[in-house]
Amino acid sequence: MACVPGIPWAALALGVALVEFLRGGDTELAARDVRYGVLLTGGSLLAGVLMGLILAGGLVLASRVVTRPWALTLTGAVLGALVFPAEFLVVAIGTDGAVAQLGTTFLAWPFMTAVAAAHSTDIVGRTRRRTWLWASGPAPGERPSPVSGSA
């Protein structure tokens with residue numbers, strides 16, 4: 001959820017810095033753009049770790065009380081909507097409040113909330129619809145399939 005809005009702007013800032021440096025332009029502008037790229041990359045990664053901890057921790061705590069998958073999905077959506085402003089703050093700091101970057105990050109907010117909601121039951125282990133999240137074997141509470149004997 002965190003790196004989707006921030007990393008493209010970081011790549012753009014680093015690309016602009018490279019162009020400014022190679023064309024013999026203002027090295028002060030190139031250094032500023034490198035700083036923006038590093039702030040956006042590092043800030044997005046840090047925000048992602050914090051957002052993931054809060055989201056997963058909140059879902060684990062909610063899964064002890066809530067038993068219905070739709071309720072976990074709703075909990076994931078609420079938590080996703082509450083933690084996404086961390087990435088918005090990173091983009092605001094890393095771009096000095098540029099309107100286009102903040103606008104697209106703001107527009108990503110509902111989509112990232114939907115992603116958190118869609119994956120919330122898999123995160124807590126209630127379903128295994130997204131197999132890339134899971135190792136092989138039965139889900140918790142499921143019985144292993146019987147082994148057929150070879151004759």
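User: Which residues make up the largest nonpolar core?

Analyst: In this predicted model, the largest nonpolar core has twelve residues in all: Ala 2, Ala 10, Leu 40, Ala 47, Met 51, Val 83, Phe 84, Val 90, Val 91, Leu 102, Ala 108 and Met 112. Helix 2 (27–65), helix 4 (85–94) and helix 5 (99–123) each supply at least two residues of this core. There is also a second, separate core of nine residues, which includes Ala 62, Val 66, Leu 72 and Leu 79.

User: With which residues is Ala 108 in contact, leaving aside its neighbours within four places in sequence?

Analyst: Ala 108 is in contact with Pro 5 and Phe 84. A contact requires heavy atoms within 4.5 Å.

User: What makes Arg 32 and Asp 33 a salt bridge?

Analyst: A salt bridge requires a side-chain nitrogen of Lys or Arg within 4 Å of a carboxyl oxygen of Asp or Glu. The N to O value for Arg 32 and Asp 33 is 3.5 Å, and therefore the pair meets the cut-off of 4 Å. A search of the whole structure finds one salt bridge.

User: Why is Asp 33 called buried, and why is Arg 32 called partly exposed?

Analyst: Buried means under 20% relative accessible area, exposed means over 50%, and partly exposed lies in between. Asp 33 has a relative accessible area of 7%, so Asp 33 is buried. Arg 32 has a relative accessible area of 33%, so Arg 32 is partly exposed.

User: Why does Asp 96 count as exposed?

Analyst: The relative accessibility of Asp 96 is 54%. The cut-off for exposed is over 50%, and therefore Asp 96 counts as exposed. Asp 96 is found in the loop between helix 4 and helix 5. Although Asp 96 is not a glycine, its phi is positive, at about 55°.

User: How do the axes of helix 3 and helix 5 cross?

Analyst: The axes of helix 3 (residues 69–83) and helix 5 come within 7 Å and cross at roughly 145°. This crossing is right-handed. Helix 3 contributes Pro 69, Leu 72, Thr 73, Gly 76, Ala 77, Gly 80 and Ala 81 to the contact, and helix 5 contributes Trp 109, Thr 113, Ala 116, Ala 117, Ser 120 and Thr 121. By class, the contact has seven nonpolar, six polar and no charged residues.

User: What pattern does the chain follow when read along the sequence?

Analyst: The pattern is α-α-α-α-α, with five helices and zero strands in the chain. Of the 151 residues in the chain, 34% are buried.

Definitions and conventions
Residues numbered from 1 in each chain as written. Predicted model: local features only at pLDDT ≥ 70, side-chain atom pairs only at ≥ 80, totals over all residues. Heavy atoms only, no water. Core = buried A, V, L, I, M, F, W, Y, C linked by side-chain atoms within 4.5 Å. Buried < 20%, exposed > 50% of the residue type's maximum accessible area, 1.4 Å probe, protein only. Helix = DSSP H or I, 4+ residues; strand = E, 2+ residues; numbered from the N terminus. Axes fitted to C-alpha atoms, helices over the stretch in contact; angles between N-to-C directions. Left-handed = near helix turned anticlockwise from the far one by under 90°. Nonpolar A, V, L, I, M, F, W, Y, C, P; charged D, E, K, R; others polar.
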